[in-house]
Amino acid sequence: MAPHQDTARRWFTLHYGPVPRFKPDRWEFRIFGATALPGKQSFSLDALRALPNSRLAGDLHCVTKMTWPDNDWGGVLMSTVLDMAPPAADVTHLMVWAEYGYSANLRLEDVLDGRAILATHNHGKRLEPGHGFPLRLVVPHLYGYKGPKWVRGIEYMTSDRRGFWEERGFHNLGEVRLEQRYSYQEEPGEGPLP
């Protein structure tokens, strides 16, 4: 168990704004920004689902001090997506974009080594809309606000900038084991340069 976290009795839902309606005919996943290949790349949900599927075991930690333990996530590893649509050599961070303009910034190192998954399933069942259907980012070593629900794309960045909750006072890195919850806890170098 992570430090100072309580075990949740059920899978609770927290999110900003309403649950979006899934419109399969208009849904696309975009990869853009500082890409190694020219231009924006986009994929349908079927094209993403056709990529090699993986499973990732990992707890889901909420910054509110609740943890939903022992999850079995299914989907496409972020490292698979980055191999398919590589970032430019000078990329250090990425912004994950979701419905309603929600975003979360991450260090490239947090998603490269198989510790992050674009989840479509949990414990073998398709995600429900309130839990992020059709696509949710899960990064088990980071708090849940670093893994958006209803993901729509990835922007490769050559420098860091804060995402939605990071602009509103949450820690820029969000590592659970270090209890990096709020921006006032940030040490020099843990946030973007002013």
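Which residues does Trp-165 touch, not counting residues up to four places away in sequence?

Guide: A quick word on the ground rules. This is a predicted model, so local features need pLDDT of at least 70 and side-chain atom pairs count only at pLDDT 80 or more, while totals for chains, interfaces and linings use all residues. Residues are numbered from 1 along each chain as its sequence is written, and side-chain values use heavy atoms, with hydrogens and water left out.

Now to your tryptophan. Leaving out residues up to four places away in sequence, Trp-165 touches Tyr-16, Tyr-102, Ser-103, Tyr-145 and Phe-170, where a contact means heavy atoms within 4.5 Å. Ser-103 is 62 residues from Trp-165 in sequence, yet their C-alpha atoms are 8.0 Å apart in space. With Tyr-102 there's also a side-chain to side-chain polar contact of 3.4 Å (a pair of N or O atoms within 3.5 Å; within protein, one must be able to donate a hydrogen and the other to accept it, and residues adjacent in sequence count only if both atoms are side-chain atoms).

As for the rings, two of them pair if their centres lie within 6.5 Å, using the six-membered ring for Trp; planes under 30 degrees apart count as stacked, over 60 as edge-to-face and the rest as tilted. That rule gives eight aromatic pairs. One of them is Tyr-143 with Tyr-145, stacked at 6.5 Å centre to centre with 10° between the planes. Phe-164 and Trp-165 are edge-to-face, because their planes stand at 90°, with the centres 5.0 Å apart.

How covered are they? Buried means under 20% relative accessible area, exposed over 50%, and partly exposed in between, with a 1.4 Å probe and protein chains only. Tyr-143 is at 1%, so it counts as buried. Tyr-145, at 8%, is buried too, and Phe-164 is buried at 11%. Trp-165 comes out at 25% and therefore counts as partly exposed.

The charged end of Arg-30 is over Phe-32, 4.4 Å from the ring centre. Likewise, Arg-126 has its charged end over the ring of Phe-133, 4.0 Å from the centre.

Definitions and conventions:
Lys NZ or Arg CZ within 6 Å of the ring centre and 35° of its normal.
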